Amino acid sequence: MNVPDELQYAATHEWLRLDGATGTVGITDHAQAELTDVVYVELPKVGAQVNAGQQICVVESVKAASDIYSPVSGTVTAVNDALTASPALLNTDPFGEGWIFQIKIEAGEDIEHLKSAAQYREQIGGADAGGEV
Amino acid sequence: MVDFGGWSMPVQYSGIIAEHHAVRGNLGVFDISHMGQFFAEGAGAAAWLNRLLTNNLDRLSVGECQYTFLLNNDGGVIDDLIVYRIADARYLLVVNASKIDEDFAWMQAHLDPGVQFENHSEHYAGFAVQGPKSAQLFDAFFSGQYSRPARNEILAIEIDGENYYIARTGYTGEDGFEVFCPAGRAVKSWNDILGKGAAFAIKPCGLGARDTLRLEMCYPLNGSDLGADTTPIEAGLGIFVDLQKTDFIGRQKLADQKEQGVKRRLVPFKMTGASPPPRSHYAVFKGGEKIAETTSGSLSPTLKAGIGMAYIPTEFARINEQIEIEIRGQRFPATIEKKPLHRPNTATN
């Protein structure tokens, strides 16, 4: 499983790429593998305000609908419209073309609750053998 | 891996969509070892089974099978199953994994003296080879030695001193075979199928593809589309019910429904435009009123559209009727379709 070192991770399998006060969010390689083929992404609305840990959008695989949670509090500034036509980008390039939304992080937001790559690897440890879904 | 009727089973091996297309266009194999196997034997076995099952066993010659229902006293479905006549007075019943105990207890409670009825579910493994190249794989195994059983026929053979049953049946709509072998031969059989199947690019397939394939065919899944409070008539499966038989458990309710009509019917639908895939237990609307709940739903990899099934009030249960499916508070248009939603072009030969 690919777990890029430069990203932050939520226990609910979202990643966050920090760029100053803005963050880009997607789901991890582990998450896309567990979800199976993604066939529909219900994107968040630009301008939506969310709290860390709050459900923000839905990703649907052939198998099931899964809630996606915002790893941080803030305001959604952009969404990846390409996912509407090509939801499978979440499977093929979860850390790149498959990003889901960008968020302006709330001033003073504490991201200490997020995991480092090493901590997230530990969380999904052994999952390569096929974790429960 | 997920729990399925007490078995830990893979949802997918390489990907649900790839596995689905492998079966529609080429060849796939499913592990169906979870399914249950009962044997009924004796001079009175056929008469006894005819009083418990909806279809008519008198129509079966040795080596043939039929799809049928086991009903409760109210005509509700306990299970849907296939019964194979494997010898003159010996029958094999293949039942759903989650219903093995309930089916067996019910049937034993109604057992006729002189019929030997046994549950051998733990002793058998099973594999479903499905797809247009199934016949070629059969020939690769048995060319010259055995001829292929015809559709809905079963072949009993011996391999290395063990009994194998090979039936021309399946749950995908494609040509294919279901193989039942002693549990001790499970791993070897699976590996042999994958080994010989490699020449045909066979793919191992999981529960995910099994569900999308059967749903495109509108084959019901017991526990979702069938249950104790639904009858085969409501499910639109009356052709597997022989009301000419004067006595079988649940008959009265079915005869009444046949005569008076049903209030609701299980029908397939397809989402009309772009929408999230429908799932089971979504509300179905017509003219602003909630009229039903979906019993199954998924994205159809073949049709590339959301599909599902629901028990719709009879007045609306018509082909081309427009309905709406509520998904996370928003209603999306759908159309009631003809069964099956997809018609495979595989010819069984």
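**Figure 1. The salt bridge between B:Glu216 and B:Arg24 in the predicted model.** B:Glu216 and B:Arg24 are both buried in this predicted model. Their side chains form a salt bridge, with a distance of 2.9 Å from N to O. B:Glu216 belongs to helix α6 of chain B and B:Arg24 to helix α1 of chain B, and the pair links distant parts of the chain, 192 residues apart. A search of the whole structure gives 21 salt bridges over all chains.

**Figure 2. The contact between domain 1 and domain 2 of chain B.** Domain 1 of chain B covers residues 2–214, and domain 2 covers residues 263–340. To their contact, domain 1 of chain B contributes 6 residues and domain 2 of chain B contributes 7 residues. The centres of the two domains, taken over C-alpha atoms, are separated by 30 Å. About 500 Å² is buried between domain 1 and domain 2 of chain B, and carbon and sulfur atoms account for 57% of this area. The count of salt bridges between these two domains is 0, whereas 2 residue pairs are in polar contact across their interface, both at pLDDT 80 or more. On the side of domain 1 of chain B that touches domain 2 of chain B, the elements giving two or more residues are α1 (16–25) and α6 (207–216) of chain B. Of the elements on this side of domain 1, α1(B) gives the most, with 4 residues. Sorted by class, the side of domain 1 of chain B that touches domain 2 of chain B comprises 1 nonpolar, 3 polar and 2 charged residues.

**Figure 3. Helix α2 of chain B and the elements that surround its buried residues.** The buried residues of α2(B) are B:Ala45, B:Ala46, B:Trp48, B:Leu49, B:Asn50 and B:Leu52. Their packing partners in chain B include the strands β4 (36–41), β5 (65–71), β6 (77–87), β7 (90–95) and β8 (116–119). Helix α3 (100–109) of chain B also packs against the buried residues of α2(B).

**Figure 4. The salt bridge between B:Arg90 and B:Glu41.** The side chains of B:Arg90 and B:Glu41 meet in a salt bridge, at 3.0 Å from N to O. B:Arg90 is in strand β7 of chain B and B:Glu41 is in strand β4 of chain B, so this pair ties together parts that lie 49 residues apart in sequence. B:Arg90 has a relative accessible area of 23% and is partly exposed. B:Glu41 also counts as partly exposed, at 31% relative accessibility.

**Figure 5. The salt bridge between B:Asp88 and B:Arg85.** In the salt bridge that B:Asp88 forms with B:Arg85, the closest N and O atoms are 2.9 Å apart. B:Asp88 counts as exposed, with 57% relative accessibility. B:Arg85, in contrast, counts as buried, at 16% relative accessibility.

**Figure 6. The interface between chain B and chain A.** At this interface, 16 residues of chain B are in contact with 16 residues of chain A. Together the two chains bury about 1300 Å², with 54% of this area on carbon and sulfur atoms. On the chain B side, B:Met1, B:Arg279 and B:Arg328 lose the most area to chain A, together 40% of what that side buries. There are 9 residue pairs in polar contact between chain B and chain A, both residues being at pLDDT 80 or more. The elements that give two or more residues to the side of chain B touching chain A are α1 and β16 (289–300) of chain B. On this side of chain B, α1(B) gives the most, with 3 residues. By class, the side of chain B that touches chain A is made up of 9 nonpolar, 5 polar and 2 charged residues.

**Figure 7. Salt bridges between chain B and chain A.** Across the interface of chain B and chain A, 3 salt bridges are found. In one salt bridge, B:Arg328 pairs with A:Glu60, and their closest N and O atoms are 2.8 Å apart. A network of salt bridges links A:Glu42, A:Glu60, B:Arg279 and B:Arg328. B:Arg279 and B:Arg328 are also among the residues of chain B that lose the most area to chain A.

How values were computed
Residues are numbered from 1 along each chain as its sequence is written. Chains are lettered from A and ligands numbered from 1 in the order in which they are written. This is a predicted model: local features need pLDDT of at least 70, side-chain atom pairs count only at pLDDT 80 or more; totals for chains, interfaces and linings use all residues. Side-chain values use heavy atoms; hydrogens and water are left out. Domain bounds come from an automatic or database domain assignment. Contact means heavy atoms within 4.5 Å. Buried area is the accessible area (1.4 Å probe) that two parts lose on being put together, summed over both. A salt bridge is a side-chain nitrogen of Lys or Arg within 4 Å of a carboxyl oxygen of Asp or Glu. A polar contact is a pair of N or O atoms within 3.5 Å; within protein, one must be able to donate a hydrogen and the other to accept it, and residues adjacent in sequence count only if both atoms are side-chain atoms. Ala, Val, Leu, Ile, Met, Phe, Trp, Tyr, Cys and Pro count as nonpolar, Asp, Glu, Lys and Arg as charged, and the others, Gly among them, as polar. Buried means under 20% relative accessible area, exposed over 50%, partly exposed in between (1.4 Å probe, protein chains only).
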